[in-house]
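Dear colleague,

Please find below the structure that I am handing over to you.

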Amino acid sequence: MQQPLKVAVIGAGMSGLFLGYHLDRAGIPYTIFEKREAVGGTWHDNTYPGLHVDVITRSYEFPFARKNYWSKRYAPGSEIKRYLEDFAREQRISRNVRFGTEVTSARYDEGRWLVTTSAGDTGTFDVVVAATGFLHVPKRPTFPGVDTFAGASFHSSEWDHSVALEGKRIGVVGTGSSGIQIVSELGKQGHDVAHFIRTPQWIQVKENPPITRMEKLLLRVPQLGAYWDRKMARLRLQTDGSETWRLVPGAEREAMNRRFLRDLEQEIPDPELRAALTPKEPLGCKRIPKSPDYYRVVQRPNVRCVFGGVQHVVPEGIVGTDGTLHPLDVIVYATGFETHAYMRPMDVLGPDGATIDSLWADGVYSYRGIAVPQMPNFFLLNGPFAPVNSIAIPTCLRDEVGFLMKLLDRIATTGQALAPSAAATERFCEGIRQALPDTTYSLCDNWYTDQGGTPIIWPFTRQQHVDQYADADLADFEAFPVAARAAAPAGRPAVGGAS
Ligand code: NAP
């Protein structure tokens with residue numbers, strides 16, 4: 001009789017836990033390999049002061065695991081971390097996690113994947129799912145002299161809490177979501193902060209009110225929760241605009257431009273500072289950081305903006321591009337992530353000598369964000385072209401995991417290994433490339449952009465994301481024979497979709 005599928009999941013962050021929940025429900029045995037000693041992924045790594053989720057927190061919950069214990073509309077990172085830990089424990093997913101174990105390679109061998117870990121052991125799986133996300137490899141600056149700095153320095157995702165900040169001169173490099181949140185918080189706490197701004201960013205001024213005790217109680221009642229969600233959706237529409245302004249040029253995009261300029265004008269009375277903080281790049285080409293108080297904070301006497309890049313680092317601090325030395329005791333590099341690494345540095349070796357590095361040598365791509373040609377039974381969550389900017393991650397996962405479970409069902413019942421054909425993948429990627437020039441994402445270089453200048457991002461709406469999986473044709477997949485497995489026995493429970 002055929003054995004059930006055995007699945008290796010790489011990463012116990014939000015995606016890996018979401019998938020684990022659905023594998024459990026489908027009765028599919030799995031192991032999650034997690035390089036850290038805890039679940040949570042990026043919400044485990046990032047502990048910097050001021051960290052909070054910047055989409056409405058309830059849309060960041062799994063729809064099948066409501067908690068409603070958020071203290072704020074945009075909850076602090078510590079609460080998201082706790083939510084994921086609670087979820088893993090309560091759903092008993094943690095027992096399937098091998099902590100402190102990094103997958104170093106996956107090699108396709110006669111129809112199965114041989115997974116090798118940092119512990120030096122190997123295991124064999126029918127299916128591998130890389131749920132690594134794209135924010136786990138810090139992008140470290142290579143400024144001349146970076147190692148000569150005499151004080152403490154660290155990347156924003158590796159905050160060194162042993163470093164006391166009181167009385168220290170702190171430099172923060174980077175104006176992405178991380179840098180903006182860090183400067184806002186340290187500045188509010190009264191620290192002496194120099195913010196190094198190579199490229200001024202559009203910043204959305206967004207209040208973050210507490211969720212009252214009464215609201216928390218009301219949210220426990222499903223109908224009232226649904227009412228609150230609708231209210232928040234209306235608010236989001238008012239503040240963030242509809243999802244289409246980033247996708248197509250037109251009146252709404254122009255109105256958003258005017259709104260951001262008006263916010264700058266209202267928040268920064270000093271024309272010189274305002275001019276320096278006004279981005280030269282078009283609105284929405286980079287992911288927009290949100291902060292209720294960044295603009296107010298940079299006008300405090302304890303905070304200063306240093307415009308231009310970093311020329312080099314010396315033991316005493318940072319020398320800016322104009323040659324000025326900025327003496328510092330601590331440097332925080334909020335310089336982002338190697339977002340196109342995905343599961344790497346792990347080696348992935350498919351049949352016939354294909355490797356993920358060779359397939360992606362000219363830039364990353366995928367079939368519908370979840371699969372790569374020539375890699376049978378190897379899947380990704382939130383892979384290349386997933387809507388990681390415009391749609392909350394749990395919502396993306398709902399669509400992706402729903403389709404993945406259908407694929408697993410097909411794999412289980414046919415005994416085959418499946419990979420998307422090169423032609424189907426090219427059709428999908430070409431459809432994306434056609435739509436990208438209209439979007440704001442293509443208007444400047446950002447962390448989505450590949451080496452050829454293509455932003456690797458979903459350029460369509462949420463509904464189109466749902467529809468692409470409903471319309472996906474399993475004929476897009478090529479079957480690779482799997483020697484050791486036969487067809488599923490009658491009566492085996494079907495693998496369901498995501499909820
Ligand atoms: P990021 O958006 O990639 O920003 C990196 C920043 O570092 C940019 O301002 C960049 O400047 C600057 N930088 C990089 N290398 C530099 C160099 N050599 N010299 C000077 N400046 C340099 O990174 P991030 O802020 O960590 O955010 C990454 C993503 O994480 C976000 O877009 C978001 O998806 C996620 N995130 C989410 C939240 C949340 O609240 N949900 C919070 C934090 C992060 P240039 O613009 O000039 O390149």
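A residue is called exposed when its relative accessible area is over 50%, and buried when it is under 20%. Please bear in mind throughout that this is a predicted model.

I begin with helix α7. The buried residues are R253, M256, F260, D263, L264 and E267. Viewed down the axis of α7, these buried residues fall within an arc of 100°, so they line one face of the helix. The buried residues of α7 pack against β11 (204-205), α6 (222-240), α8 (271-277) and α9 (294-297). The length of α7 also agrees with expectation: at 1.5 Å a residue, its 17 residues (251-267) should span 24 Å, and the end C-alpha atoms are 24 Å apart.

I turn next to the cysteines. A search of the whole structure finds one disulfide. This bond joins C285 to C444, with an S to S distance of 2.1 Å. The torsion about the S-S bond is about 95°, so the disulfide is right-handed. C285 sits in the loop between α8 and β12 (290-291), and C444 in the loop between α12 (422-435) and α13 (462-471), so the pair ties together parts that are 159 residues apart in sequence. C285 is buried, at a relative accessible area of 1%, and C444 also counts as buried, at 12%.

C305 counts as buried at 16% relative accessibility. C429 is likewise in no disulfide, and the nearest cysteine sulfur, that of C396, is 17 Å away. C429 is buried, with a relative accessible area of 1%.

Finally, some values for the chain as a whole. The protein chain contains 13 helices and 21 strands. Its radius of gyration is 23 Å, which agrees with the value near 23 Å for a compact globule of 499 residues. Along the principal axes, the C-alpha atoms fill a box of roughly 75 × 55 × 45 Å. Of the 499 residues, 55% count as buried. The chain exposes about 20,800 Å², of which carbon and sulfur atoms supply 52%.

With kind regards

Methods. Residues numbered from 1 in each chain as written. Predicted model: local features only at pLDDT ≥ 70, side-chain atom pairs only at ≥ 80, totals over all residues. Heavy atoms only, no water. Helix = DSSP H or I, 4+ residues; strand = E, 2+ residues; numbered from the N terminus. Expected span 1.5 Å × (residues − 1). Buried < 20%, exposed > 50% of the residue type's maximum accessible area, 1.4 Å probe, protein only. Arc of directions from axis to C-beta. Contact = heavy atoms within 4.5 Å. Disulfide = S-S within 2.5 Å. Rg over C-alpha atoms; globule rule 2.2 N^0.38 Å. Areas by Shrake-Rupley, 256 points an atom, 1.4 Å probe, with all protein chains shown as cover.
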